[in-house]
Amino acid sequence: MPCPAGVNIPMCFEFYNSLFLFGNRSAEKIRYTFRTGGVASGGKPCGASLCVQCGKCLEHCPQNLAIPDLMQQVKKEFGGFGQVLRKTLVNLFLWNQRRKTIK
């Protein structure tokens, strides 16, 4: 950290690991979308889909992980059309919550 492309590498790994540790895939995917899609990260996306495979993270990783390759796995697990749908649903939920608060 920081990644030049804006990927929050520890957070991506946190959700990827939770996906397999706890077994609640749907909930983890929604949490990942909420936390990395810009909603809970100050309006700035920070998910694995931003990884440009530059490899600058490799020299900083104390565990010598192949981070660019692992980011591709995270992207495959959390990305695609499902992520677009989840992001839309999260935004609709938040819009509805704000609307209720204003009333």
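Visitor: Is Tyr32 buried or exposed, and what is its relative accessible area?

Guide: Bear in mind that this is a predicted model: local features need pLDDT of at least 70, side-chain atom pairs count only at pLDDT 80 or more, and totals for chains, interfaces and linings use all residues. Numbering runs from 1 along each chain as its sequence is written, and side-chain values use heavy atoms, with hydrogens and water left out. The cut-offs are under 20% relative accessible area for buried, over 50% for exposed and partly exposed in between (1.4 Å probe, protein chains only). Tyr32 is therefore buried, as its relative accessible area is 2%.

Visitor: OK, stepping back, what pattern does the protein follow along the sequence?

Guide: Helices here are DSSP runs of H or I with at least four residues, strands are runs of E with at least two, and both are numbered from the N terminus. The protein has 4 helices and 0 strands. Reading along the sequence gives α-α-α-α.

Visitor: How many aromatic pairs turn up, and what kind do Phe15 and Tyr32 form?

Guide: Rings of Phe, Tyr and Trp (its six-membered ring) pair if their centres lie within 6.5 Å; planes under 30 degrees apart are stacked, over 60 edge-to-face and the rest tilted. Searching the whole structure gives 3 aromatic pairs. Phe15 and Tyr32 sit 6.0 Å centre to centre with 85° between the planes, and that pair is edge-to-face.

Visitor: Which helices does that pair tie together?

Guide: The two residues are 17 apart in sequence, so the pair ties together separate parts. Phe15 counts as buried because its relative accessibility is 0%. Phe15 lies in helix H1, and Tyr32 lies in helix H2.

Visitor: And what is the centre-to-centre distance for Tyr32 and Phe78?

Guide: Tyr32 and Phe78 form a stacked pair, with 20° between the planes. Their centres are separated by 4.1 Å.

Visitor: Which helix holds Phe78, and which residues make up the aromatic cluster?

Guide: Phe78 is in helix H3 (residues 67-78), 46 residues from Tyr32 in helix H2, so the pair links distant parts of the chain. Phe78 counts as buried because its relative accessibility is 0%. The one cluster they belong to is made of Phe15, Tyr32 and Phe78.

Visitor: Let's move to Ser18. Which backbone oxygen does its side chain reach?

Guide: Ser18 belongs to helix H1 (residues 9-21), and it counts as buried because its relative accessible area is 11%. Contact means heavy atoms within 4.5 Å, and beyond its neighbours within four places in sequence Ser18 is in contact with Gly23 and Glu28. A polar contact is a pair of N or O atoms within 3.5 Å; within protein, one must be able to donate a hydrogen and the other to accept it, and residues adjacent in sequence count only if both atoms are side-chain atoms. The Ser18 side chain makes its approach at 3.0 Å, to the backbone oxygen of Glu14.

Visitor: How about Thr33: which backbone oxygen does that side chain reach?

Guide: Thr33 sits in helix H2 (residues 25-36) and is buried, because its relative accessibility is 2%. Not counting residues up to four places away in sequence, Thr33 touches Gln83, Arg86 and Lys87. At 2.9 Å, its side chain reaches the backbone oxygen of Lys29.

Visitor: What does Gly6 contact beyond its neighbours within four places in sequence?

Guide: Gly6 is in the segment before H1 and counts as partly exposed because its relative accessible area is 32%. Its C-alpha atom is 18 Å from that of Lys87, 81 residues along the chain. The contacts of Gly6 are Pro45, Cys46 and Leu50.

Visitor: Which residues does Ala5 touch?

Guide: Ala5 also has its place in the segment before H1, and is partly exposed because its relative accessible area is 27%. Leaving out residues up to four places away in sequence, Ala5 touches Leu50 and Val52.

Visitor: Last one: how far apart do the centres of the positive and negative side chains lie?

Guide: Lys and Arg count as positive and Asp and Glu as negative, with His and the chain ends not counted. A charge is placed at NZ of Lys, CZ of Arg, CG of Asp or CD of Glu. With 14 positive and 5 negative side chains, the centres of the two sets are separated by 15 Å.
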